[in-house]
There are 4 protein chains.
Amino acid sequence: MTATIPTPLAKTRGPRSRPTILHATIEQLSIHGYQRLTVEGVAAAAQVHKSTLYRWWPDKSALVADALAAHLATGPVPDTGSTRDDLITWLRVTIANYTATPAGVAMPALISDLSARPGGLAAFRGSFLDKRRAGCAVLIQRGIRRGDLPADTDIELVMDALAGTVFYRQLVSGQPVTEDLAERIVTLLGVQSA
Amino acid sequence: MTATIPTPLAKTRGPRSRPTILHATIEQLSIHGYQRLTVEGVAAAAQVHKSTLYRWWPDKSALVADALAAHLATGPVPDTGSTRDDLITWLRVTIANYTATPAGVAMPALISDLSARPGGLAAFRGSFLDKRRAGCAVLIQRGIRRGDLPADTDIELVMDALAGTVFYRQLVSGQPVTEDLAERIVTLLGVQSA
Amino acid sequence: MTATIPTPLAKTRGPRSRPTILHATIEQLSIHGYQRLTVEGVAAAAQVHKSTLYRWWPDKSALVADALAAHLATGPVPDTGSTRDDLITWLRVTIANYTATPAGVAMPALISDLSARPGGLAAFRGSFLDKRRAGCAVLIQRGIRRGDLPADTDIELVMDALAGTVFYRQLVSGQPVTEDLAERIVTLLGVQSA
Amino acid sequence: MTATIPTPLAKTRGPRSRPTILHATIEQLSIHGYQRLTVEGVAAAAQVHKSTLYRWWPDKSALVADALAAHLATGPVPDTGSTRDDLITWLRVTIANYTATPAGVAMPALISDLSARPGGLAAFRGSFLDKRRAGCAVLIQRGIRRGDLPADTDIELVMDALAGTVFYRQLVSGQPVTEDLAERIVTLLGVQSA
DNA sequence: ATTTAAACGAGACGGTACGTCGCGTCTTTGT
DNA sequence: ACAAAGACGCGACGTACCGTCTCGTTTAAAT
């Protein structure tokens, strides 16, 4: 006999229109970029009043960071059997995140703003980056076990090199971010196919 | 008939107090960071009126970019005899630029602002980055000739990986930028000592 | 046949915690003054939800007016045998109301807010001022009968002068409101002792 | 021959459009009253940007106080030969200030706001009230010399009674402010014609 | 004992205006 | 030609509090 589950009361905590708002934020971000995105603009696009936004997010940067974290692909941890291919797959998601979404161009200003508020950057890392990196760490550790990567591989450093190269390319050096970039970076780091 | 050459180079072009201003800019940048640096603040520190600044630089980002370009070390092209050591030496200068000067923390916001004005980023690249990268390219090409690096080395990519890893570490992942970072990065890229 | 009288007066109508709320209102008023008193603050102090307040009072000004009306002394009609002393006694209560309670400083803002809502000021007059003035009118009429005051005394005007002088002193001119003020005002209006 | 006075350089210190702004402020005050007057509204009416207002006045209350001080009649010191008539004349100006200008209704809220900022009320007194009262004090002193008023007349108190009665009538008791009010008040204070 | 309705708790929201900040422009005046 | 001085336009930002609304939940009187 089926006991009545006492309705755990998933309270309506939090903004009612969170999804709408985050969606509008991404939209406005795509249209205007970070700097020219205005909180009022997001509010209008989300059919919500500005004060509602400030009730739930301390400032513009937090709002955008939240929206991005929710929008960017964390991606599944790839498992193709080949460490090299796993890394390439993972890196392609990163590239897509920087390229196919407003995240790339928005990043510098966002990071800068987040840094102003203590804990801002840390919060963003916690809500997105860490997950993403955890996935990559799994790949690398698997690669080490398999012998595809040296036993003394500095996991964090590898991840910084993977993402950092893409990041720098798009935002600083201005070099093109092409289709085969993921492969070329992985190759550069010495991860061969076999 | 021997025309008197009107010494065309004795330009009084440019602000009389350019050095003072650039110096004050760097100073303010160190104290406040890019965002909280104000043009009026720089003017005050340089004992100059705000309007003077706007006469010579189109906006805040240009001013800061100019000051940084003048302040950052372009550095001599190292020639230690060892490709690996050359790269490490070069990279250490980069790290110092990001670490020992206000450039590192200022970068995101600066880049973001520069990107807003068409040609802004390009100008900054031209005035600083290109020189720096040109030096590195020399190293790498020498390494290729020596056989220390593969013949098909993608020079631009290597440079992006070198600088990008540092950049990303400091600004995004938040991983520590330690003493031995240059060595570890160069090692990661497969450049061995012998 | 004895109809059971349905005791129509045992109303539970009205807020359960009216006294608590009014008390909290006065308290908050003393602490913060009218402007900086917030409805949420009163609610919190009264251990009650904001919505309860808005259920029973149309707005902040009405709440405060109600609390003040309940808190301020209407006072008994003094009867010392001397018209002059009666008036002084009465005026001292007024002074105490303005001085020993938050009413004085709160008045300007309260009046201003009450005036915004049609009938607001009138309601306040009805709930407090009128009673107070009625008491004073009795004194004055007694004084006229006794011959202590001229037969053609303009009662309303005298009351305005009595209270208005105190009011103006405290709020506008900033002159000190001293112990003997009541006497001096009554004297000024020509009411002698004998 | 008279030396050329070296043009004392009546610098353009201060807002260029001060008169326009003050005028617009009074206008808006008449239309909306103090509470519903908005700084942006004044700015718009004065064809000026909001920030210009905040550059020269710390807040709304200061702006309005300044505008009123400039707009209200300080009036000449009357000298009719009769102390009673002098006082009536003076009081009529006060009544007109409260009645024919937006000052009357604006007062409570204005005073309340001014009181919030330390020194706010004092500044208003200094810029308007004091001048006005100084004029009245002259009248009263003349009356004392003439013997029309008792030698021990408390000048400040008389002034508070004169203005306070009008003030209280209009704002608190709600009694009508009629034509003959000035006369009746002066009479009440015992100042006879002969 | 049960029904019913007044009163309350909780929490999100719309809305108005405030006051702030700093950028970049412009005009006037001097040197 | 350059620089000092200083007012201004302008566009956001983030804040504060007001008053409203929708649901559930308690409380207690009425049958």
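C:Asp154 is partly exposed in this predicted model, its relative accessible area being 27%, and its side chain takes part in a salt bridge with D:Arg184 in which the closest N and O atoms are 2.4 Å apart. Because C:Asp154 lies in the loop between helix H7 (120–146) and helix H8 (155–173) of chain C, while D:Arg184 belongs to helix H9 (residues 181–188) of chain D, the pair joins two chains. D:Arg184 is likewise partly exposed, with a relative accessible area of 25%.

A second pair, formed by the side chains of D:Asp154 and C:Arg184, also meets in a salt bridge, at 2.4 Å from N to O. This pair crosses between chains, running from D:Asp154 in the loop between helix H7 (120–146) and helix H8 (155–173) of chain D to C:Arg184 in helix H9 (residues 181–188) of chain C.

Within chain D, the side chains of D:Arg146 and D:Asp79 form a salt bridge of 3.7 Å, N to O. The pair links distant parts of the chain, 67 residues apart, with D:Arg146 in helix H7 and D:Asp79 in the loop between helix H4 (60–71) and helix H5 (83–99). In chain A, salt bridges that share partners join A:Asp79, A:Asp86, A:Arg142 and A:Arg146 into one network.

The accessibility of four of these partners is set out below.

| Residue | Relative accessible area | Class |
|---|---|---|
| D:Asp154 | 28% | partly exposed |
| C:Arg184 | 25% | partly exposed |
| D:Arg146 | 34% | partly exposed |
| D:Asp79 | 53% | exposed |

Over all chains, the structure holds 48 salt bridges, among them the pair C:Asp154 and D:Arg184.

Notes:
Residues numbered from 1 in each chain as written. Chains lettered and ligands numbered in written order. Predicted model: local features only at pLDDT ≥ 70, side-chain atom pairs only at ≥ 80, totals over all residues. Heavy atoms only, no water. Salt bridge = Lys/Arg side-chain N within 4 Å of Asp/Glu carboxyl O. Helix = DSSP H or I, 4+ residues; strand = E, 2+ residues; numbered from the N terminus. Buried < 20%, exposed > 50% of the residue type's maximum accessible area, 1.4 Å probe, protein only.
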